[in-house]
Amino acid sequence: MALTLYVDTARWRAHHKHVQEQFPGLVPVCKGNGYGFGHDRLAEEATRLGSDVLAVGTTYEAARIKDFFGGDLLVLTPYRRGEEPVPLPDRVVRSVSSVDGVYGLVGARVVIEVMSSMKRHGISEQDLAQLHAAIENVRLEGFAIHLPLDRTDGSDAVEEVIGWMDRLRAARLPLHTMFVSHLKADELARLQQQFPQTRFRARIGTRLWLGDHDATEYRGAVLDVTKVSKGERFGYRQQKAASDGFLVVVAGGTSHGVGLEAPKALHGVMPRAKGVARAGLATVNRNLSPFVWGGKQRWFAEPPHMQVSILFVPSDAPEPHVGDELVAHLRHTTTQFDRLVDR
């Protein structure tokens, strides 16, 4: 009885191939919880794709994944002097976002991140003059630019990359490879056409692993079902049942990520109105669960427990039975499954 991630493997892998065809030279990204699939599974899939490089989030992730992937590992978090040293093989490439960081990685393989409109990490245009001397003592694998997802000001992602290509060229820095994030396939093709001497490599995680929503599905198994009458008390807090129905104990609790949400950027009136409504209902202990039964998302009977959730299913819905599985709409990047089943 488990929270299970079912994967339509043939369909999932067909999507990977489609993305790879759209983005020649693709660098798969495997970070965090491995986009819900785990590091070892994504390392296996990247190998299957024939990838020569796998991008990971941190040096700690690189240390864990190195035994599952035989190619190069590109660490996305920039190097900082004073960071805890992690023993890593020479096939690990470090990102660096400052001139001082380049000087701190003598002899290492590095990718230098430039500052994009994200304003997160990266060297500035003013730093370029100092880079010539700094890169003499490292093995430069290329430059990188991490672009924003939304462009509410109407600016053009390709133009932003071109701007940096022009700055790097004017500074007489090597332009053999540029790693990019969050570009569309046609945008990547435009860049490649304009700069045929440079190899543009798209670093892609979400679009690659989670781009086909119908290829994966979470399901929680029903562990117990108890009939309750209106007004009857139940649970840790001894709340009263709002009507006749069933208390359904289903696999999947807070340790799986059920009931835990990361903040979302909301756009538009309707999503904001729904957010306000959800917050209002939560103040009276009404919280919608991610579990679906009888074609509807069901309410938590009380806050999810560590490994299970208790749902309230009204008596006018079909009665669940032990062993049934409820589809769960869960966010992959915050979910930890009990088991993964390839279909």
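This is a predicted model: local features need pLDDT of at least 70, side-chain atom pairs count only at pLDDT 80 or more; totals for chains, interfaces and linings use all residues.
I started with the side chain of Glu302, which makes a polar contact with the side chain of His305 at 2.7 Å.

Next I looked up where Glu302 sits. I found Glu302 in the loop that runs between strand 15 (296–300) and strand 16 (308–314).

Then I wondered: is Glu302 buried or exposed? Glu302 turns out to be buried, yet it has no salt bridge. I checked for the nearest side chain of opposite charge, and that is Arg237, 6.1 Å away. A salt bridge needs the two atoms within 4 Å.

Leaving out neighbours within four places in sequence, I listed Gly235, Tyr236, Arg237, Gln239 and Ile310 as contacts of Glu302.

On to the backbone angles. Tyr35 isn't a glycine, but I noted a positive phi of about 50° there. I traced Tyr35 to the loop between strand 2 (27–30) and helix 2 (39–49). Tyr35 counts as buried because its relative accessibility is 6%, and the cut-off for buried is under 20%.

Lys119 was my other entry: its phi is near 60°, again positive in a residue other than glycine. Where is Lys119? I put it in the loop between strand 6 (109–114) and helix 5 (128–134). Lys119 has 64% relative accessibility, so I wrote it down as exposed.

Note on methods
Residues are numbered from 1 along each chain as its sequence is written. Side-chain values use heavy atoms; hydrogens and water are left out. Helices (H or I, at least four residues) and strands (E, at least two) are DSSP runs, numbered from the N terminus. Buried means under 20% relative accessible area, exposed over 50%, partly exposed in between (1.4 Å probe, protein chains only). Lys and Arg count as positive and Asp and Glu as negative; His and the chain ends are not counted. A polar contact is a pair of N or O atoms within 3.5 Å; within protein, one must be able to donate a hydrogen and the other to accept it, and residues adjacent in sequence count only if both atoms are side-chain atoms. Contact means heavy atoms within 4.5 Å.
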